[in-house]
Amino acid sequence: MSIYYQIYESLKKDLSNNLYKPGEKLPSENVLSKRFGVNRHTIRRSLQLLKDEGILFSKRGSGIIVHDNRFKYKIGKRVRFSQNILNENYVPETTILRSEIRKASKIEAKNLEINSKHEILLIETIGKINNVPSIKTKRIISNKRFPDFFDIFQKQLSITKTLKILGVNDFFRKNTLVTAEQADSIQANLLHCKINSPLLKTTYINQDLNLIPIEYSQTWFVGERIQLALEN
């Protein structure tokens, strides 16, 4: 194991043991260099891993700061990714990983209440919070009902804005199932977390005001950075 990774593991253990508390400033690179007996470049590599995981962040004029607790992501009747993030004074960003149009599976057809012979649009995205990848979402949408969905979504990068353009001015969560998983190698790479890190997974259906399903989707949250706040 490389030296910088060993230092990363040691600092992460310190943070887990509350040696440095949320909102506190970490010792300077010089102090950490002397503590571990390495140069500042090695320390920077270790700190960058912790920044990539959303555990630390740089604040101009203040140095390296420990993030305040885990981000509270609200799950209720109306869940809006960008608004959730903005309400907590963080910066949201959505990146498209891939998309495809294919025949619906039996479970997809059942949850979308469509014919199993119909095609669905699959979109996978990564949601960033303050530039840290923390949320992965797989959306399944009826391609027959919304044939122009992906073209609009590519420009808007927002489900809410895309649906408004398509004439759906409001939608709400029918149900949400919350489970726990461990990150595999692909998820760990995409979400900048370690393999086997705990992930919170939500499986849900959003529907319009006429109670017609719009999307059947699954979302994975990095458990070390996000806590789900369930609302009525």
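**Notebook: domain interface and salt bridges**

I began at the interface of domain 1 and domain 2, where the rule finds two salt bridges. I take a salt bridge as a side-chain nitrogen of Lys or Arg within 4 Å of a carboxyl oxygen of Asp or Glu. The model is predicted, so I note that local features need pLDDT of at least 70, that side-chain atom pairs count only at pLDDT 80 or more, and that totals for chains, interfaces and linings use all residues. Residues are numbered from 1 along each chain as its sequence is written, and side-chain values use heavy atoms, with hydrogens and water left out.

**Domains**

I looked up the division of the chain: domain 1 covers 3-66 and domain 2 covers 71-230, with bounds from an automatic or database domain assignment. Their centres, taken over C-alpha atoms, are 33 Å apart. Eight residues of domain 1 are in contact with six residues of domain 2 (contact: heavy atoms within 4.5 Å).

I then looked up the buried area, the accessible area (1.4 Å probe) that two parts lose on being put together, summed over both. Domain 1 and domain 2 bury about 520 Å² between them, and 43% of this is on carbon and sulfur atoms. On the side of domain 1, Lys12, Asp52 and Glu53 lose the most area to domain 2, together 67% of what that side buries.

**Salt bridges elsewhere**

By the rule, the count comes to 15 salt bridges. I picked out Glu29 and Arg44, whose closest N and O atoms are 3.2 Å apart. Glu29 lies in helix α2 (residues 29-36) and Arg44 in helix α3, so the pair ties together parts that are 15 residues apart in sequence. Helices are DSSP runs (H or I, at least four residues) and strands likewise (E, at least two), numbered from the N terminus.

I next followed Arg98. Glu100 forms a salt bridge with Arg98, with closest N and O atoms 2.9 Å apart. Glu124 also forms a salt bridge with Arg98, here at 3.4 Å. That pair links strand β5 (residues 119-129), which holds Glu124, to strand β4 (residues 92-103), which holds Arg98, 26 residues apart.

Which residues are linked with Arg98 in a network of salt bridges? I found Glu100, Glu124 and Lys136.

For exposure I use these classes: buried is under 20% relative accessible area, exposed over 50%, partly exposed in between (1.4 Å probe, protein chains only). Glu124 counts as buried at 12%. Arg98 is partly exposed at 36%, and Glu100 is partly exposed at 28%.
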